[in-house]
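I opened this notebook to record what I looked up in one structure.

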Amino acid sequence: MIQTAKLKPLVFGMLATLSIGGEAKDFAETTGLLDWATDGANVQPFEDWGVKWGGWIDTGISTNFNNSKWNGPVSFGDRSAELQMNQLYVYLERAVATSGDDWDFGGRFDFMYGTDAGYTQTYGAPQGNWDLHLNASNIKYYRTALPQAYASIYAPIGNGLTLKLGHFYTIIGYEVVTAPDNFFYSHAYTMQYGEPFTHTGLLGSYPIDSNWTLTGGVVTGSVVGGWDGGFNQGLGAWSGIGGIGWASDDQGTKVNITGTTGPTSETNSNQWSIYSLVIQHDFTEDLHYVFQHDHGFADGASVGANGKPQDATWYGINNYIFYDLMDDLSVGLRGEWFRDDDAVVSSDPTGANFGRVFSIGRQVGGVGLGSFLPASSYYAFTLGLNWKPSKWLMVRPNLRYDWADGSRPFNNGGASVGYAGDRGDQILFSTDVVISF
């Protein structure tokens with residue numbers, strides 16, 4: 001296919017750099033591709049101002065062993081037997097202090113191009129503002145996203161208050177958009193369909209003591225309860241966002257409860273809320289466990305059999321277990337259950353038509369992906385390896401089995417049939433390579 005052909009020179013060109021240069025420095029100890037390739041030369045031209053740039057490229061491939069070119073409701077790595085450049089990611093940041101007696105100012109700007117960008121744009125913004133129209137590409141399914149653009153402030157108040165003002169990633173849940181920060185290549189249903197990715201607004205963080213941290217703020221620019229909002233429309237609706245976190249003295253156990261709540265939009269006062277509980281525990285130095293529970297509520301967001309609005313709910317439980325086989329190799333297992341009670345496809349009174357997978361999933365290219373999927377529970381087990389031969393190179397092969405008890409979303413024909421398929425289960429093998437610069 002044309003997109004695969006165009007990607008091959010870029011992807012294999014990046015991988016080819018692993019066989020040249022950098023012999024004078026220990027491969028495993030270098031911090032990035034450029035650090036290794038240039039034998040430690042300074043690649044941070046703004047270092048004197050405290051400004052750092054960085055990034056990565058994430059490229060992967062999947063196969064579902066069905067006849068479909070789509071991987072059912074598995075998003076991000078969503079296409080079968082096709083090489084995908086999921087993320088070409090670059091950021092520029094001046095990080096602020098997190099303690100001390102002096103004020104500090106900074107900020108961050110992130111740019112992402114690739115197939116993941118199509119899931120990370122500001123789909124919650126009215127009429128598609130901010131980054132939805134930055135698709136300067138003739139490669140199908142490849143998009144541009146600007147997932148973060150914020151100013152940050154450290155205020156020496158009490159134990160130190162840190163603020164973000166602008167567009168930033170959510171604090172909800174366990175898995176994240178940024179590829180290097182996840183164990184698995186594929187994502188859990190809760191992350192894909194039950195949580196926001198980004199927000200626009202103000203977010204503050206305050207350490208009560210060495211164990212407890214409070215987070216809170218307000219978010220806007222959205223017609224879906226403050227989720228995935230933009231800068232210049234929908235600013236009449238404000239939602240609260242917050243959380244509380246606890247960590248043991250040795251950081252071996254962590255508990256975080258986060259959530260958002262507020263009106264759906266400027267013209268819809270129905271409440272839109274979610275909470276997420278994440279517990280992390282290290283049983284030993286090598287054995288790690290994560291538990292996650294999400295529960296979301298959207299009043300009046302679903303349409304009943306009688307054609308009238310009804311309340312929607314969605315919820316799920318994820319369990320993760322990781323074991324470090326060696327310093328650079330770990331194995332992980334994720335088991336998950338996600339329940340979509342209402343199979344909502346909502347239409348906001350502003351005129352913005354936001355079709356969704358499940359109760360509250362993603363709108364992709366203006367297509368209502370949930371149009372033909374009834375209420376259902378979705379289950380998945382994912383077994384994977386995570387190999388890091390250096391600090392900047394990660395390989396993640398995954399074997400995943402999904403099934404649904406109330407819908408048939410697998411072996412589907414893509415957007416043209418609303419992603420409804422003819423199978424209730426799917427086996428998916430996928431692998432990717434993440435190279436940090």
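Through how many residues does a hairpin join β6 to β7? I find that the hairpin joins the two strands through four residues.

Entry 1, basis. I note that this is a predicted model, in which local features need pLDDT of at least 70 and side-chain atom pairs count only at pLDDT 80 or more, while totals for chains, interfaces and linings use all residues. Residues are numbered from 1 along each chain as its sequence is written, and side-chain values use heavy atoms, with hydrogens and water left out.

Of the 437 residues, 52% count as buried (under 20% relative accessible area; exposed is over 50%, partly exposed in between; 1.4 Å probe, protein chains only). The chain exposes about 18,400 Å², and carbon and sulfur atoms supply 60% of this area (Shrake-Rupley method; for residues, only the protein chains shown count as cover).

Strand β6 (residues 198-207) runs antiparallel to β7, with eight bridges. Eight bridges also join β7 to β8, again antiparallel. Thr213 in β7 stands opposite Pro207, and its bridge partner in β8 is Gly245.

Is Ser222 buried or exposed? Ser222 counts as buried because its relative accessible area is 3%. Its side chain reaches the backbone nitrogen of Val224 at 2.9 Å.

I found a nonpolar surface patch of about 940 Å², with Phe65, Phe283, Leu399, Tyr401 and Phe429 among its residues. Patch residues have over 30% relative accessible area and no salt bridge, and nonpolar side chains (Val, Leu, Ile, Met, Phe, Trp, Tyr) are joined within 5 Å; a salt bridge is a side-chain nitrogen of Lys or Arg within 4 Å of a carboxyl oxygen of Asp or Glu. Strands β16 (376-390), β18 (398-404) and β19 (425-436) each supply at least two of the patch residues. Leu399 lies in β18, and I recorded Leu399 as partly exposed because its relative accessibility is 44%.

Technical notes:
Patches are made of residues with over 30% relative accessible area and no salt bridge: like charges are joined within 9 Å, nonpolar side chains (Val, Leu, Ile, Met, Phe, Trp, Tyr) within 5 Å. Accessible areas come from the Shrake-Rupley method with a 1.4 Å probe; for residues, only the protein chains shown count as cover. A polar contact is a pair of N or O atoms within 3.5 Å; within protein, one must be able to donate a hydrogen and the other to accept it, and residues adjacent in sequence count only if both atoms are side-chain atoms. Two strands pair if DSSP finds at least two bridges between them.
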